[in-house]
Every structure is written in C-alpha cells, then in structure tokens.
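Please look through the structure below, and then read the briefing that follows.

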Amino acid sequence: MSQKTLAESSRAGAPATERGEASPRRWWILAVIAIAQLMVVLDATIVNIALPSAQSDLGFSDGSRQWIVTAYALAFASLLLLGGRIADLFGRKPAFLVGVVGFALASALGGAANGFTMLVVARALQGAFGALLAPAALSLLNTTFTDARERARAFSVYGAIAGAGGAVGLLLGGVLTDALDWRWTLYVNVAIAVVAFAGGWILLGNHRDAAGAKLDVPGTVLVASGLFSLVYGFSNAESHDWGSPLTWGFLIAGGLLLTAFAWWQTRAAHPLLPLRILLDRDRAASFLAVLITGAGMFGVFLFLTYYLQLNLGFSPTKTGVAFLPMVGALMVAAQLGTTVLVPRLGPKAVIPLGFAIATAGMAWLTGIGVGSHYVSAVLPQLVVIGAGLGLVMPPAMQLATGGVAAEDAGVASATVNAMQQVGGSIGTALLNTLAASAATDYLAGRDATSELVRARATIESYTTAFWWSAVLFGAGAVIAFLLYRRGVPKQDANAAPVVHM
C-alpha cells in the first residue's frame, strides 16, 4: 500500500473534527461544554452571597473574608495560560476531564471545610483546576464547530453563559443558602461535575494539535507570577489602599514580569503565547472588549447586589431572581448578535453599539435613590444593560478564538479567560475604591449619625460606581470602533492565523 493510501486511510479513521468535518454529536458536546463553563463562571459569585453565613459558621474575621474570593481569582488568573497550553500539548479531552474531576474534589473539600484555612485552600484548588478546565472547554468549542453559522450559534450560547454566569451564581447561591446551607454553594459543583464528566467521557474525542511542541517553562513562570502579582495588587487596593506598597509594589512587579514575558515570547523556540495570536487587529480588539466588559460588569453585580439587599431589603434568593431579566436580555441579544448582526454588519458596527447600549443602561441606573422601587428604577435598566452586553461578550469571544491555528486554540482560549478575570479584578478594586471615596466625601460636613444621611451616602457610593462603569463601557465603544476592521470577518474554520496590523 502506498504512503498516500496509508495517509488517506489514517485520515479517514480519524474523528470528524480532525478531518475538518462537523461532528455529528456537536450539539451534545456544546451542552457538555456549557455545563462545565457554567460551573466555572458561577463559582466566581456563588460563594459571595454565602460569605456571611460561612463567616458566622467558621468564625473568621472581616479582614480575612476577602481571601475566600481572592484565592480563587489568584489561582485561576495566574494559571490560565499554562492550562491552555497543557490542553494543546496533551489533549483537550484529558485536560477537560481532569479539570472537571479536580474542580469537583476541590469543591467537596471546601464544602466540608472545618476552618478558614481549609476553605481558602479549597478555593485556590478550585481556581487551579478551573484554569485547566475553562480554556479546554472553549478550545473544544472552537474546534468542534467547523461551519460558520453553527459556530456563531454555539458561541452565542457560550458567550451568554460567560456573561450571565455571575448573575446565575448570585441566584443559585441565594437559593442554596436560604433553603439549605452555605456549604451547598460548593457541594452543588459535584453534581454538575458528574454530568459534565459523563458527557465528556462519552462524547469527546482526543487530539493533540501541538503534540510536537514543548512546554515553555520560563514563559510559564513569568506569566504566572506576572498575572498573580497583577491580580494580587488589585485585590490589595480593595482591602488596603492605592498608596500601600502591597498594592503599587505588586502592580509594578506584575507589569515588569508581563513585559519580560512578552520579550521572552519573541525568543522562545516553543512560546507559551505565540505573538501571532495577539497581532491580529480584530483579535486584539476582542481581547480588550472582554477585559473592559469584565471590569464594568462588576458595577452591576457587586453594587446592585448591595443595593437590593441592604436598601430594598431583598433576600438572597429574591436578589438572584431580580437579575434574571438581565440574563434573559443578554441571551436574546447574544443570539441576535452572533448569528445575524455580526455576519451581516461586521464587529466594527455591532460591538461598539453593544457597548453604547450598556453605557446608556449604566447611566440610567444612576437614578436610584433611597425610596426607589425595583420595577421602575432597576428592572428596565437591567434589561438595557443585558441587551448591550449580549452584543459585546459572545461576538468578542468568538472573534478572539476564531481563525487561530488548531495548535494554538487552547492558549488563545486561555487568553480570553485571563482577560475576563483580570478585568474583573481591576473592576472590583477600582470601583470599590471610587465608591468608598464617594461615600466619605458625601459624609464630610454632614451629620454622620443620621440614618438618612448614611443611607444617602451609601446611594452616592453606588451611583458613583455605576457612573464609572458607564465610563468604562463608553471607552470600550470608542476602542472597539477604532480597532475593529471594517467589513464582515472571514469565517474559514481551518485557516491559519493571518497577521494584520
């Protein structure tokens, strides 16, 4: 038998996705990926709403409380690029399955925590396995759907989950905390993981697109320590202040380490993040869009949660339900944006429009007051914000990973997740600092013992955060309009990346 015949025979026996054909099980694979992604995304917020109960049960201080959230964010952000490259080197199916199992075990450990240290360790392990799972899931989506229309539909689902997962986490966390116990906000991941693992084991094929490459150890150390320093610095800005050496020192160290990483990637034989991934204009614009969306969305989830519970007296469950209209609007806009608008108008028109709509919604939300009502002062604004973000997040995630070579799919997917995580860390620190300053300035010269004055100071802090979120979304509209190329992007699923500057 000739070598050509052997090659053709081998190719014919390969899974459909390896031959560039659509997998007959692709929609079931999407369901499995969506379940796994939901588990990772909602865990960024599901524990937040249960923190008061966990703190009361385990007896840790207010100063220590932030580490329950920060431990997850630090591990997740710093290890994402490594997780993405592992998926490329050793196969996406094993990376996905190991990530799911590890995440479930870490969640079970956290649910069984008998003290603060055990809970923090569990959250850090969740972040580490999430950093392996998230890029594997996104790269599987990118390589499973080869038809442009179907890929757009798939990314509308995935992007909607990525954008709305925080709100779903608030809802689920509230329901579980009210009905059962705070520990079930962690135990629930075990049930989700069983479904995701079973589906992944049965449905996923394994292929190593970068099997001939080697792991870039110096690059891994540089980017992991750089992202860790960056996220840790912003976390310290929230708990200390911007003038603290623990804030600016780590931020400067993070910047220097990431600069050194970028330099090393131009020298490494097998770079962890090939710069060709970043040099495409549409892809770079998409990364920035995801970063800005992650930062601005915290103005919605974090401060609006405080407002609904502390000012309007909503229970945790009712607070979660209050976000559902935003989730619905986001999902409808996601489907419209990825399957209809971007294929016809291109991202230069659609994504800036989405940012502009979200800007208007955030500015409208600043009208809340002490005696406001949810139906008139919150609900319409949430629908507008959700519609705007639905036109940004899913198309941006699709464009950020589309068109990359198969061997780079994992690390491109990891970069998207890293942008969202770092954006969230920046947004949390920046908006918290601005909100706190606004409340302090409002109280200056007023009777701070008055309950009404304190309530108005709190509202001032919320509206200040909403205004700055609007500024972030407005900047996103300008940046997206300037960076995205005109026209409809090419949708060749098997094309190697093309560099455009």
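**Briefing on a predicted helical model**

Leaving aside its neighbours within four places in sequence, Ala-196 touches Val-32, Ile-35, Ala-36, Phe-96 and Val-100, where contact means heavy atoms within 4.5 Å. This is a predicted model, in which local features need pLDDT of at least 70 and side-chain atom pairs count only at pLDDT 80 or more, while totals for chains, interfaces and linings use all residues. Residues are numbered from 1 along each chain as its sequence is written, and side-chain values use heavy atoms, with hydrogens and water left out.

**The chain as a whole**

- The secondary structure of the protein chain comes to 19 helices and zero strands, where helices (H or I, at least four residues) and strands (E, at least two) are DSSP runs numbered from the N terminus.
- Of the 501 residues of the protein chain, 55% count as buried, a term that means under 20% relative accessible area, with exposed meaning over 50% and partly exposed in between (1.4 Å probe, protein chains only).
- Among the contacts in the protein chain with a separation of 6 or more, 83% join residues 24 or more positions apart.

**Helices α5 and α8**

- Two packed helices are described by the angle between their axes and the distance between the axes.
- Helix α5 (residues 92-111) packs against helix α8 (residues 184-203) at an angle of about 160°, with the axes 8 Å apart; axes are lines fitted to C-alpha atoms, for helices over the stretch in contact, and angles run from 0 to 180 degrees between N-to-C directions.
- That angle makes α5 roughly antiparallel to α8, since angles over 145 degrees count as roughly antiparallel, under 35 as roughly parallel, 65 to 115 as roughly perpendicular and the rest as oblique.
- The residues that meet include Phe-96, Val-100 and Val-101 in α5 and Val-190, Ala-193 and Ala-196 in α8.
- The residues of this contact of α5 with α8 divide into 14 nonpolar, five polar and one charged, where Ala, Val, Leu, Ile, Met, Phe, Trp, Tyr, Cys and Pro count as nonpolar, Asp, Glu, Lys and Arg as charged, and the others, Gly among them, as polar.

**Aromatic pairs**

- A search of the whole structure finds seven aromatic pairs, where rings of Phe, Tyr and Trp (its six-membered ring) pair if their centres lie within 6.5 Å, and planes under 30 degrees apart count as stacked, over 60 as edge-to-face and the rest as tilted.
- The rings of Tyr-72 and Phe-76 are stacked, because their centres are 5.8 Å apart and their planes lie at 10°.
- Both Tyr-72 and Phe-76 lie in helix α4 (residues 62-90), four residues apart, which is about one turn of the helix; Tyr-72 is buried at 3% relative accessibility, and Phe-76 is buried at 5%.
- Phe-197 and Trp-201 also form a stacked pair, 5.9 Å centre to centre with 25° between the planes, but here Phe-197 is partly exposed at 29% and Trp-201 is exposed at 55%.

- Helix α17 (residues 393-401) is largely enclosed by the rest of the structure, because nine of its nine residues are buried.
- Gln-381 lies in helix α16 (residues 379-390) and is buried, with a relative accessible area of 2%.
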